[in-house]
Structure formats: C-alpha cells, structure tokens
Amino acid sequence: MSSPQVSVLVVEDDPGIATQLVRGLERAGYSADSVTMGVEALNRPRTDVVLLDLGLPDIDGIDVCRRLRRSSDTAIIVVTARGEESDRVLALDEGADDYLVKPFGLAELLARIRAVLRRGRVTGGETLRHGSLMVDLRTRKVLVNEAEIALTPKEFAILECLATDPGRLVSRQEIVERAWDEHWYGPTKVLDVHMAALRKKLGDPALIETVYGHGFRLADT
C-alpha cells in the first residue's frame, strides 16, 4: 500500500508567493492549500505541515504559531523575511520546528519539510515525477518507465536536486553543495564523473541538459 499523501497548509498573505508555493508543493507530490489570514489557519482542519509567514494582516505569526502548537502536533516551518536571531529564537521557543528566511529555493524548502517529517511527527512520502522518471524520496527508489534504476547515494542526491524543480537551471555549485557538502572545497569536476554515470543509468543522456558555463536542468519530456 502506498504512503498517504502529506498535506501542507501555506499561511501567506502575498498571493503571488502563496500560489508559487502551492504549485511547487503539488508538483512535488504534496496535497497543498493556502490561506491569507492567521485566523483562517487556526480554524482549518489539522494538516501535516504548516508553512507560516510571520507578517500576517490580522494576527502576528508568532501568536499563530503559539496557538497552533497548543492544539496540534502539526509540523510548523516559519517562512518569513524576518531574519533577526531574536525572531528565530522566539518562533522556535513558541513551538516552530524550523525557520526559513525569504528568499529561498524550492529545493531547500522541500528538504526542510522532509527533515521535520523525519523528526517524528509524521511519516510521509514524497514522489517526484517527470515524464517517465519517478523519484521516491522516502524510499530513495528511482524508476524509469516503471523499471527500477540502482543509483549510488551521490547519483541520487544529484538527481533529487534536479527533479525537485524540473526545468530550473541548477548551478554546478548548488549541486555540489547539496550532494557533497556546503563546505566542499574540492574541484567541481568531480560532479562530471557522477553526472556521466547518472545519465548512462537513466538510459537517456538528453534527459539532463548541460547549460555550458552555468549548470544543469531536467529537459522537457
């Protein structure tokens, strides 16, 4: 039996940001919805994850966080433009599980969501699909045309980075930092060796496009 779909509520008063987040989350396999007011968030049925902006028009996001935590064990990730340490400390003290400062990339947000789910409040899955390619981030399985492909951990990390937002150009440096370490100081040429092996295993070298001088992206299917 497949894992139940993880539900995410976006609490964000900027319609453009909210729409982008919902689309990205749905593309990544989540069930996502959004509200613009704190009182709406408090009155909604429980979801697995809440992405909470602090600058809401009716109730301060910290108060929303505090009240959500009193009534629910939902995972709360604060997503806000407030980057001061005092704001971070206050939000975490009031029950937030994580704190992400805008602007941020979708890949990082999805990684934060997976991390809070792993920490025990929810057991959830996430499946990324792009044409015949399917990447299951929970089981770390990769299928092409329904056939499972065995990848090394580094190859999987590279593919995950590309598949979280198909079509987006991902720089070499970003891939190296995600697949190796943010403090990696070695040559990025090591990426080319793993990229060549990944392309061969996927069976379609054109699936991963090289944008010379910039990075890589998944091609349109």
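**Close-up views of a predicted model**

**View 1. Asn145 sits in the loop that joins β8 to β9 (147-149).** The model is predicted: local features need pLDDT of at least 70, side-chain atom pairs count only at pLDDT 80 or more, and totals for chains, interfaces and linings use all residues. Residues are numbered from 1 along each chain as its sequence is written, and side-chain values use heavy atoms, with hydrogens and water left out. Helices (H or I, at least four residues) and strands (E, at least two) are DSSP runs, numbered from the N terminus. Although Asn145 is not a glycine, its phi is positive, at about 55 degrees. Glu146 is found in the loop between β8 and β9 as well, and its phi is near 70 degrees, a positive value in a residue other than glycine. Most residues other than glycine have a negative phi, and most peptide bonds are trans. Asn145 is exposed, with a relative accessible area of 59%, and Glu146 counts as exposed at 69%. Exposed means over 50% relative accessible area, buried under 20%, and partly exposed in between (1.4 Å probe, protein chains only).

**View 2. Strand β7 (residues 133-136) pairs in the antiparallel sense with β6 (residues 127-130) and with β8 (residues 141-144).** Two strands pair if DSSP finds at least two bridges between them. There are 4 bridges between β6 and β7, and His130 stands opposite Leu133. The hairpin of β6 and β7 has 2 residues between the strands, and in it Gly131 takes a positive phi near 60 degrees. The pairing of β7 with β8 also runs over 4 bridges, with Lys141 as the bridge partner of Asp136. In the hairpin of β7 and β8, with 4 residues between the strands, Arg140 has a positive phi near 60 degrees. Both faces of β7 are covered: Leu133 and Val135 are buried on one side, and Met134 and Asp136 on the other.

**View 3. Five parallel strands form an open sheet in the order β2-β1-β3-β4-β5.** The edge strands, β2 (31-35) and β5 (98-101), each pair on one side only. On average, neighbouring strands of this sheet are turned by 20 degrees against each other, direction ignored; angles run from 0 to 180 degrees between N-to-C directions, and axes are lines fitted to C-alpha atoms, for helices over the stretch in contact. Strands β3 (residues 49-52) and β4 (residues 75-80) run parallel and are joined by 4 bridges, and Leu52 stands opposite Val78 in β4. Helix α1 (residues 15-27) packs on the sheet and touches β1 (7-11), β2 and β3; its direction makes about 170 degrees with that of β2. Contact means heavy atoms within 4.5 Å. Helix α4 (residues 85-93) also packs on the sheet, touching β4 and β5, and its direction makes about 150 degrees with that of β5.

**View 4. A cis peptide bond runs from Lys102 to Pro103.** Its omega is near -5 degrees. Pro103 is in the loop between β5 and α5 (106-121).

**View 5. Helices α7 (residues 172-179) and α8 (residues 190-202) cross at roughly 80 degrees.** Their axes come within 11 Å. That makes α7 roughly perpendicular to α8, a term for angles of 65 to 115 degrees (under 35 is roughly parallel, over 145 roughly antiparallel, the rest oblique). Arg172, Ile175 and Val176 of α7 make the contact with Leu191, Asp192 and Met195 of α8.
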